[in-house]
Amino acid sequence: MDPGPTHKVETKVGAKRRHRDRHRAMASKASTPPYPSAAKISDSLCYSQYSASLKCLEEYGSDKSKCQEHFDIYKECKKKEREARLERNRNRSFF
């Protein structure tokens with residue numbers, strides 16, 4: 001009995017599924033990085049400053065001048081966060 005082309009299609013689909021499942025398993029087992037991810041703003045070390053800035057804007061509407069202190073604190077935090085990330089990257093040698 002020749003399974004015909006259907007068998008080959010199922011084999012390719014099965015291989016893709018196995019590859020996908022293996023990739024997902026590896027991703028879930030991956031260790032967490034030694035530093036927090038800032039891919040999302042909620043993961044940022046500056047999230048509280050970010051939230052305070054938004055809360056101030058909500059409170060004072062479009063009068064941004066009343067929130068300048070919050071903006072400055074957030075900006076300084078992001079600057080420090082960026083400097084720390086750059087330093088970590090400089091210290092990580094791949095060669």
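Predicted model: local features only at pLDDT ≥ 70, side-chain atom pairs only at ≥ 80, totals over all residues.

Student: Why is the pair of Glu81 and Lys78 called a salt bridge?

Tutor: A salt bridge is a side-chain nitrogen of Lys or Arg within 4 Å of a carboxyl oxygen of Asp or Glu. The closest N and O atoms of Glu81 and Lys78 are 2.9 Å apart, so the pair meets that limit. The structure holds 2 salt bridges.

Student: Where do Glu81 and Lys78 lie?

Tutor: Both belong to helix 3 (residues 68-91), 3 residues apart, about one turn of the helix. Helices (H or I, at least four residues) and strands (E, at least two) are DSSP runs, numbered from the N terminus.

Student: How do you know whether Glu81 is buried or exposed?

Tutor: Buried means under 20% relative accessible area, exposed over 50%, and partly exposed in between (1.4 Å probe, protein chains only). Glu81 has a relative accessible area of 13% and is therefore buried, whereas Lys78, at 29%, counts as partly exposed.

Student: What makes Arg90 and Glu87 a salt bridge?

Tutor: Their closest N and O atoms are 3.0 Å apart, which is within the limit for a salt bridge. Arg90 and Glu87 are 3 residues apart in helix 3, or about one helical turn. Arg90 counts as exposed because its relative accessibility is 57%, and Glu87 is partly exposed because its value is 37%.

Student: Why is the link of Cys46 and Cys77 called a disulfide?

Tutor: A disulfide is a pair of cysteine sulfur atoms within 2.5 Å, and the S to S distance of Cys46 and Cys77 is 2.0 Å. The torsion about their S-S bond is about -95 degrees, so this disulfide is left-handed. Cys46 lies in the loop between helix 1 (5-29) and helix 2 (47-60) and Cys77 in helix 3, so the pair ties together parts that are 31 residues apart in sequence. Cys46 and Cys77 are both buried.

Student: How many disulfides does a search of the whole structure find?

Tutor: The search finds 2 disulfides. Cys56 is joined to Cys67 with an S to S distance of 2.1 Å. Cys56 lies in helix 2 and Cys67 in the loop between helix 2 and helix 3, so this pair ties together parts that are 11 residues apart in sequence. When the bonded cysteines of the chain are numbered in sequence order, the pairing is 1-4, 2-3.

Student: With which side chain does the side chain of Ser44 make a polar contact?

Tutor: The partner is the side chain of Glu81, at 2.9 Å. A polar contact is a pair of N or O atoms within 3.5 Å; within protein, one must be able to donate a hydrogen and the other to accept it, and residues adjacent in sequence count only if both atoms are side-chain atoms. Ser44 is placed in the loop between helix 1 and helix 2, and its 7% relative accessibility makes Ser44 buried.

Student: Which residues of helix 3 are buried?

Tutor: Tyr74, Cys77 and Glu81 are buried in helix 3.

Notes:
Residues numbered from 1 in each chain as written. Heavy atoms only, no water.
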